[in-house]
Amino acid sequence: MIANNCVTSTLAPYLPAAGDWTGAKVAHLYRSFGYGADYDTIQSGLLMSPTDLVNQLINEAVNSPQPDPYYWSEYTSEDYGEDSNDEQRDNFRQLKYDWTQRGFTSPFQQKMTIFWHDHFATEEDVYRCNRYVWRYYKLIHEMAFGNFRSFVEQMGLTEAMLVYLDGNDNRVGAPNENYARELMELFTMGENNGYSQTDIEEVAKALTGWRVIRNECTEAYFQENRHDESVKTIFGQSGNFGYDDVHELIFTLRKTQVAKYICMKLYQQFVYRDADEDIVAELAQTFMNSDWEIVPVLRQLLSSEHFYEETFRGAKIKSPVALTTQLITALGLDLDTDLNPNIFQYIEYINDEMGQDLFNPPNVAGWPGYRFWLSENSLAFRWSYCHNVVNAYIEDTGYEKLRTLALAVSNSDIDPRVITEAFAKHLLDIDLDENLIDVGTLYLKAGIPENYFEDGSWNLYWQEAPEQLLNLYRYLIQIPEYQLS
């Protein structure tokens with residue numbers, strides 16, 4: 001556990017002294033904001049200042065192409081017709097595969113969309129409508145770097161959320177409190193943070209009237225005769241409040257709670273689980289000053305000296321999505337030529353098996369994250385699945401990229417220990433203990449008689465070298481440090 005009270009850095013822009021802006025720090029940014037980077041990308045980052053690099057990556061994320069709609073995106077149940085379960089299931093799977101692939105093509109955008117999916121959690125298993133899935137997916141992509149208040153306002157009216165948290169059943173005379181509670185507890189303010197049970201009850205009344213015809217997969221609409229027109233009292237204010245009024249009250253009367261809660265979650269996503277309260281408070285002020293725009297908070301945090309504290313490097317446990325995506329990105333492999341095209345289906349499958357089923361987090365609180373990702377059994381699965389990826393889904397051209405990478409990072413083609421140390425440093429972003437380097441060197445040398453290393457006749461240009469490097473990678477995947485980011 002990291003003692004944040006020992007960290008004294010601030011949110012001032014990181015201005016490294018000569019020699020302090022290292023490849024490891026560039027890699028830390030790429031691993032935190034995205035899913036790692038290949039060697040050439042890290043070298044390019046070293047030529048920029050930290051602030052300029054952060055701004056470039058955020059701009060790239062903001063301008064990433066939005067997902068294209070599918071022919072079925074607005075299908076209702078009638079459009080599918082009878083006996084269409086297989087077609088609906090195949091369409092949903094294709095969306096999941098495509099979202100998985102975006103981790104490689106739009107990594108910064110994908111990481112933020114999964115963050116918001118975790119925050120505004122819904123379960124496709126509950127509402128079972130591809131139209132609703134698409135609209136929810138489309139919104140988290142459109143708003144991932146947008147205005148948080150607008151995001152919240154739109155999210156509550158998505159069909160997925162109306163069904164998932166029973167807003168569809170919330171009507172005058174029979175208010176349902178589920179969405180009202182989670183709106184404040186999980187989506188804006190945090191648990192027991194500025195609201196009461198009475199506020200939940202009154203907010204539920206104010207949100208009445210919105211519904212969908214679930215079994216027909218219809219669009220959400222407002223039914224006036226289901227709305228409670230009575231006077232409600234929320235946060236001590238009384239009026240005939242409706243949907244828009246609830247959000248106005250939350251974002252004006254409870255703005256400090258909202259800002260601190262969301263900035264705490266962003267801090268936990270990009271820095272460390274135990275949030276620094278002073279840093280969060282300063283981020284929260286930026287959030288409020290920017291009128292709930294997300295990007296200014298990200299720019300301030302990711303370009304700060306606090307973010308680059310060495311103690312935060314390798315301090316987060318990789319989620320399954322991060323684990324499987326970084327497995328490929330760090331090698332510099334080309335998606336079209338170096339990988340089997342079925343890799344995205346397999347990665348989506350193993351992410352699900354390792355506990356991160358996209359569109360189906362375990363409950364409304366999302367994935368617990370952190371140590372939840374690791375157990376005695378899940379760790380063995382992580383090893384096995386990662387081995388399957390590198391063993392079965394990298395093509396011959398990808399093997400050659402391993403040779404190119406090893407030559408670039410090590411500046412040596414003949415010393416197996418130097419090559420092992422440099423290869424591990426690039427892939428793990430940390431300096432391994434000497435004994436781990438020793439064992440890794442043995443994995444690299446496996447299959448080649450020792451005399452070839454002793455007399456210097458072996459080198460990275462040998463035909464067997466890519467397979468030797470892959471064997472080293474298999475070893476690195478299994479050490480505890482590989483599970484950290």
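I looked up Cys386 to start: its relative accessibility is 1%, so Cys386 counts as buried. I keep in mind that this is a predicted model.

Next came Cys263. At 0% relative accessibility, Cys263 is buried as well.

Then I asked how many disulfides there are. The count comes to one. Cys129 and Cys217 form it, with their sulfur atoms 1.5 Å apart. I checked the handedness too: the link of Cys129 and Cys217 is right-handed, with 90° about the S-S bond.

What does the pair tie together? Cys129 sits in the loop between helix 7 (124-127) and helix 8 (130-143), while Cys217 sits in the loop between strand 1 (210-211) and strand 2 (221-222), so the link joins parts 88 residues apart in sequence.

Are these two cysteines buried or exposed? Cys129 has 1% relative accessibility and counts as buried. Cys217 has a relative accessible area of 7%, which is under the 20% cut-off, so Cys217 is buried.

I zoomed out to the whole chain. I noted 24 helices and four strands. Of its 485 residues, 56% count as buried. The chain exposes about 20,400 Å², and carbon and sulfur atoms supply 46% of that.

Now the overall form. The C-alpha trace spans about 90 × 60 × 40 Å along its principal axes. A compact globule of 485 residues would have a radius of gyration near 23 Å, and the chain has 25 Å, so the two agree.

Last entry, on charges: the mean positions of the 36 positive and 74 negative charges are 4 Å apart.

Definitions and conventions
Residues numbered from 1 in each chain as written. Predicted model: local features only at pLDDT ≥ 70, side-chain atom pairs only at ≥ 80, totals over all residues. Heavy atoms only, no water. Helix = DSSP H or I, 4+ residues; strand = E, 2+ residues; numbered from the N terminus. Rg over C-alpha atoms; globule rule 2.2 N^0.38 Å. Buried < 20%, exposed > 50% of the residue type's maximum accessible area, 1.4 Å probe, protein only. Areas by Shrake-Rupley, 256 points an atom, 1.4 Å probe, with all protein chains shown as cover. Lys, Arg positive; Asp, Glu negative; His and termini not counted. Charge placed at Lys NZ, Arg CZ, Asp CG, Glu CD. Disulfide = S-S within 2.5 Å.
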